[in-house]
Amino acid sequence: MKRTLWFLAALVAISPATLQAKTGSRHGVTIVSCVVNSNGSNLTNGINVVYYNTHDSPATEVDFVVHYGGHKYILIDRGSFSRGAQINHNLTNALTGQPWDGAQPKNCAVQRVTLADGSVY
């Protein structure tokens with residue numbers, strides 16, 4: 001009985017970490033957070049993504065791949081994103097009007113980065 005209780009306690013303690021989307025650094029862009037937005041009516045309204053560019057050249061486009069509700073979405077952010085500047089944007093060019101399945105996507109990663117110097121990663 002004690003083993004079962006310890007196992008359940010350990011499982012509850014680690015569950016929040018396993019519920020968060022897999023994020024991190026890829027293609028010279030580091031994602032700090034990625035949260036699915038709700039429109040308030042049980043539907044999605046894009047994502048809020050916080051990230052920064054680690055390249056010397058400013059990024060002009062960052063494409064994110066998000067897995068949510070059993071589907072894959074590509075969300076694109078365009079602008080001029082300097083090295084080390086924290087970017088906090090709500091992206092609504094995909095993942096809008098879908099059934100709400102919570103704030104955490106299954107996965108959120110950088111798929112492609114275009115830099116001002118013409119490099120593409």
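Modeller: Two strands count as paired if DSSP finds at least two bridges between them. The model discussed here is predicted.

Biologist: What makes β1 and strand β2 (residues 29-38) a pair?

Modeller: Pairing requires at least two bridges, and β1 and β2 are joined over 2 bridges, in the antiparallel sense. They therefore meet the criterion. Arg26, for instance, has Val29 in β2 as its bridge partner.

Biologist: Why are β1 (25-26) and β6 (86-99) said to stand at the edges?

Modeller: The open sheet has 4 strands in the order β1-β2-β3-β6, with antiparallel pairing. β1 and β6 each have a single partner strand, so one side of each lacks a neighbour in the sheet.

Biologist: How do you know that strand β4 (residues 59-68) pairs with β7?

Modeller: The cut-off is at least two bridges, and 8 bridges join these antiparallel strands; the two are therefore paired. Asp63 has Arg112 in β7 as its bridge partner.

Biologist: Why is strand β7 (residues 107-115) described as largely enclosed?

Modeller: Buried means under 20% relative accessible area. Of the 9 residues of β7, 7 are buried, so the strand is largely enclosed by the rest of the structure.

Biologist: Which residues have the most contacts inside the largest nonpolar core?

Modeller: In this core of 23 residues, they are Ile31, Ile47, Tyr51, Val62, Phe64 and Val66. β4 gives the most to the core, with 5 residues. Leaving aside neighbours within four places in sequence, Ile47 is in contact with residues including Val36, Val66, Leu75 and Leu91.

Definitions and conventions
Residues are numbered from 1 along each chain as its sequence is written. This is a predicted model: local features need pLDDT of at least 70, side-chain atom pairs count only at pLDDT 80 or more; totals for chains, interfaces and linings use all residues. Side-chain values use heavy atoms; hydrogens and water are left out. Buried means under 20% relative accessible area, exposed over 50%, partly exposed in between (1.4 Å probe, protein chains only). A nonpolar core is a set of buried Ala, Val, Leu, Ile, Met, Phe, Trp, Tyr and Cys residues joined through side-chain atoms within 4.5 Å. Contact means heavy atoms within 4.5 Å.
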